[in-house]
Amino acid sequence: MIAALGLVLFAATVVVTAQRVLPGAAWMRRAPRQGVVAWQVVTVTVPASLLLAGAALALPTVPSATDDIAGLLGACEFLVRQHYETPGGALVHVLGVLGAAGLLLRLGWSVVTEFLAVRRDRQRQRARVALVGRPDAVDGAWIVDEPRPSVFCIPGRRDQIVVTTGALAVLTPRQRALALAHERAHLGGRHHVALTVAAALRRAMPRSRFFAIAETEIATLVEMHADDRATAAGGRRDLAAALVALAEGTSPAGALAVNGGAAMQRVHRLVVTAPGLPLGQRWSIHGIAAALVAAPVLIAAAPALETALLDYCAAAFHA
Amino acid sequence: MKGLGELEAQVMNLLWATDAPQSVRQVLEALPHERNRAYTTVMTVLDNLHRKGFVERERLGRAWNYRPTRSREEHVADLMGDALGASGDRTAALMHFVEQLPAEEAAQLRALLDRHPE
């Protein structure tokens, strides 16, 4: 009971704290890759804690695997079970099992359907590009005749980078090369996987603001990471200029800003601030991330560990 | 067979350029003759396009006649709908460099850029 309560409390604390501390955090803007990892850690540790809470409630009802082992070990198992006992008895156990199973099914279903939907959309768009576009002999990008300027990529095993003729008209060769490098960074960094998982979690918990914020933040951070990768050898202002040129488009009246603030932040960090974090800060981020992953497992195992510390049980465990 | 995708695009352009539904024979004859292309190759290509939903076919006499399900412009419009981020509930199928912004936001971006010359 204590373990399950602890896990639920831990999950709630992570949600509340992350929502206050993480969105728009300055360090994430400077180190977007670490930022993506941080969001992934908090969004995975929350459902993992809830699953473990369900499992902890269910533990006392799991049929014993050690019926034949009499004596010391049997007694220890009894004690372990006792430590996971709940006042509500069987009903609480059943609810725990059902809750955990339901959550697991929901998450699994959401991830599977999201990946399938993305794959289907991609295949359709890839086939389309192959029909309406032509491959550029120089850099392998697909050129599509279209006055609205756009540069984008379609990930997958046979990935494509697409440039419209409208984009070619507004970008200098240098800007075009940087924009393509940005897209290649997306593909090389497998950013679409992070985005798909984030979208699946958000769809699995449609009423949770937490997962919606996480998805938006991850989407912004992978763009920043691709910006940094593309400009590893310089050209930050050129990339910013390319970004502005494409954002201006040709028919601004028809544009719909999905995340206009993100474009502003990207230009700002490209022309004003330098990316990168001091080593110490990077290590503390990794440390906190590791602790957040380990914490639910430790909380779930606490009653068992406690039992193991009893003298005669310790002997049995070491036997 | 590297050329098959290229041939699909070629056949599609041909169908987009003609109003009437075309038979395999007609497509074969309309294609450039620089290579000796087999009737069955064109049939395979049209079959692929049909399977992918890019063409529909109807039987006329003993032969199938093919025509595009959607115009080239419609396909481009659909692609750009995703690419420009206009569709609200998009998946991660496509990642764009930056979305087109409303005029005033784009102007703010331009101003920020101009404030920081090289």
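This is a predicted model: local features need pLDDT of at least 70, side-chain atom pairs count only at pLDDT 80 or more; totals for chains, interfaces and linings use all residues.
## Reading Salt Bridges, a Helix, Pockets and a Loop

Reader: With which residue does Arg266(A) form a salt bridge?

Author: Side chains of opposite charge can pair when their charged atoms come close. Here Arg266(A) forms a salt bridge with Glu223(A), and their closest N and O atoms are 3.8 Å apart. The term requires a side-chain nitrogen of Lys or Arg within 4 Å of a carboxyl oxygen of Asp or Glu. Arg266(A) belongs to helix α11 (residues 260–271) of chain A and Glu223(A) to helix α9 (residues 209–230) of chain A, so the pair ties together parts 43 residues apart in sequence. Helices (H or I, at least four residues) and strands (E, at least two) are DSSP runs, numbered from the N terminus.

Reader: Are Arg266(A) and Glu223(A) buried or exposed?

Author: A residue is buried when its relative accessible area is under 20%, exposed when it is over 50%, and partly exposed in between (1.4 Å probe, protein chains only). Both Arg266(A) and Glu223(A) are buried.

Reader: Which residue of chain B pairs with Arg57(B) in a salt bridge?

Author: The partner is Asp47(B), with closest N and O atoms 3.4 Å apart. Arg57(B) lies in strand β2 (residues 55–60) of chain B and Asp47(B) in helix α3 (residues 39–51) of chain B, 10 residues apart. Arg57(B) is partly exposed, with a relative accessible area of 29%, and Asp47(B) is partly exposed at 37%. Salt bridges that share partners also join Arg120(A), Asp121(A) and Arg124(A) into one network.

Reader: Which residues are buried in α1(A)?

Author: An α-helix has 3.6 residues a turn, so residues three or four places apart point the same way. In α1(A), the buried residues include Ala3(A), Leu7(A), Phe10(A), Val14(A) and Ala18(A). The face turned away from the buried side carries the exposed residues Ile2(A), Leu5(A), Leu9(A), Val16(A) and Arg20(A).

Reader: How much space lies in the largest pocket?

Author: On a 1 Å grid over the protein atoms alone, a cavity is a set of points where a 1.4 Å probe fits but cannot get out, and a pocket is an open set with protein on both sides within 12 Å along at least five of seven lines; lining residues have an atom within 4 Å of a point. Grid points are joined across faces, edges and corners, and a volume is the space filled by probe spheres set on the points. The largest pocket holds about 980 Å³. Of its 30 lining residues, Arg126(A), Ala127(A), Ala130(A), Arg158(A) and Gln160(A) are the closest to its centre. α5(A) gives the most to this lining, with nine residues.

Reader: Which residues line the largest cavity?

Author: The lining consists of Gln34(A), Val37(A), Ala38(A), Ile285(A), His286(A) and Ala289(A). The volume of the largest cavity is about 30 Å³. The elements giving two or more residues to its lining are α3 (32–58) and α12 (279–309) of chain A.

Reader: What is the phi of Arg190(A)?

Author: Most residues other than glycine have a negative phi, and most peptide bonds are trans. Arg190(A), however, has a positive phi, near 50°. Arg190(A) is placed in the loop between α7 and α8 (191–204) of chain A, and it is exposed, with a relative accessible area of 52%.

Note on methods. Residues are numbered from 1 along each chain as its sequence is written. Chains are lettered from A and ligands numbered from 1 in the order in which they are written. Side-chain values use heavy atoms; hydrogens and water are left out.
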